[in-house]
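Glad to have you here for a friendly walk through a structure. Let's ask what lies behind each label and check it against its criterion.

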Amino acid sequence: MEKKKSKTKLLVAVGIIGILLILLSEISFPTAKKDTEVTKNDYTSYAEQLDEKLTDIISSMEGVGKCRVMITLRSTSESIYAKNTENSQSTGSSSQNSEYVIYDGGNGDSPILLQENFPDIEGVAIVCSGGDNIAVREKIIQCVSALFNISSNRISVSKLSDDGRK
């Protein structure tokens, strides 16, 4: 009778340990959130850098004067990592197994980045002192279209109001 009690206790203990292991495997650690925040910050930083550079270029054009720029992006950036892909075929079926290629860097293991695609530009709005001049407006539209490879209907140029508020 005592053997049955000890076996039952052992089975209950093993069951509890198994449940605890399953629950622990479901816990997500905060490092994933940090990666997402970095991506959002990189996205915002990229847009701000484009705004600043375009403002510098346009404001240096003759007749433009004071200038403010806003660029909208279509999507976030995309990172493409190296993968090892293994195909296997057997009678009537085939399967593919892929895994990222990892290297041991100074800060720990990291995947090998092959390519990073920056976001596409959706549109550009420019407000400047010379925005009412047709020749200035045309030069700005041609410049922005050439820089970002977007059509002229995605570029808006307007006159800056007299008070030039921020």
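Q: In which strand does Ile126 lie?
A: Ile126 lies in strand 8. A strand here is a DSSP run of E with at least two residues, and a helix is a run of H or I with at least four residues, both numbered from the N terminus. Before we go on, please keep in mind that this is a predicted model, where local features need pLDDT of at least 70 and side-chain atom pairs count only at pLDDT 80 or more, while totals for chains, interfaces and linings use all residues. Residues are numbered from 1 along each chain as its sequence is written, and side-chain values use heavy atoms, with hydrogens and water left out.

Q: Why is Ile126 called buried?
A: Buried means under 20% relative accessible area, exposed means over 50%, and partly exposed is in between (1.4 Å probe, protein chains only). Ile126 has 0% relative accessibility, so the residue counts as buried.

Q: Which residues does Ile126 touch, not counting residues up to four places away in sequence?
A: Contact means heavy atoms within 4.5 Å. By that criterion Ile126 touches Ile58, Cys67, Arg68, Val69, Ile140, Val144, Ile155, Ser156, Val157 and Ser158.

Q: What makes Thr55 buried?
A: Thr55, whose place is in helix 2, has 19% relative accessibility and therefore counts as buried. Leaving aside neighbours within four places in sequence, Thr55 is in contact with Cys67 and Val69.

Q: What lies 2.7 Å from a polar atom of the side chain of Thr55?
A: The backbone oxygen of Asp51 does. A polar contact is a pair of N or O atoms within 3.5 Å; within protein, one must be able to donate a hydrogen and the other to accept it, and residues adjacent in sequence count only if both atoms are side-chain atoms. Asp51 is also found in helix 2, residues 31–59, and a polar atom of the Asp51 side chain lies 3.0 Å from the backbone nitrogen of Ile71.

Q: How far away is the nearest side chain of opposite charge from Asp51?
A: Arg68 is that side chain, 9.4 Å away. Lys and Arg count as positive and Asp and Glu as negative, while His and the chain ends are not counted. A salt bridge is a side-chain nitrogen of Lys or Arg within 4 Å of a carboxyl oxygen of Asp or Glu. Asp51 is buried yet has no salt bridge.

Q: How many salt bridges does a search of the whole structure find?
A: Three. Arg74 forms one with Asp120, the closest N and O atoms being 3.8 Å apart. Arg74 forms another with Glu122, where the closest N and O atoms are 2.9 Å apart. Arg74 lies in the loop between strand 1 and strand 2 and Glu122 in strand 8, so this pair ties together parts that are 48 residues apart in sequence. Arg154 forms a salt bridge with Glu122 at 3.2 Å between the closest N and O atoms. Together, Arg74, Asp120, Glu122 and Arg154 are linked in a network of salt bridges.

Q: What makes Arg74 and Glu122 partly exposed?
A: The relative accessible area of Arg74 is 44%, so Arg74 is partly exposed. Glu122 has 28%, so Glu122 is partly exposed as well.

Q: Why is Leu160 called buried?
A: Leu160 has a relative accessible area of 8%, so Leu160 is buried. This residue lies in the segment after strand 9.
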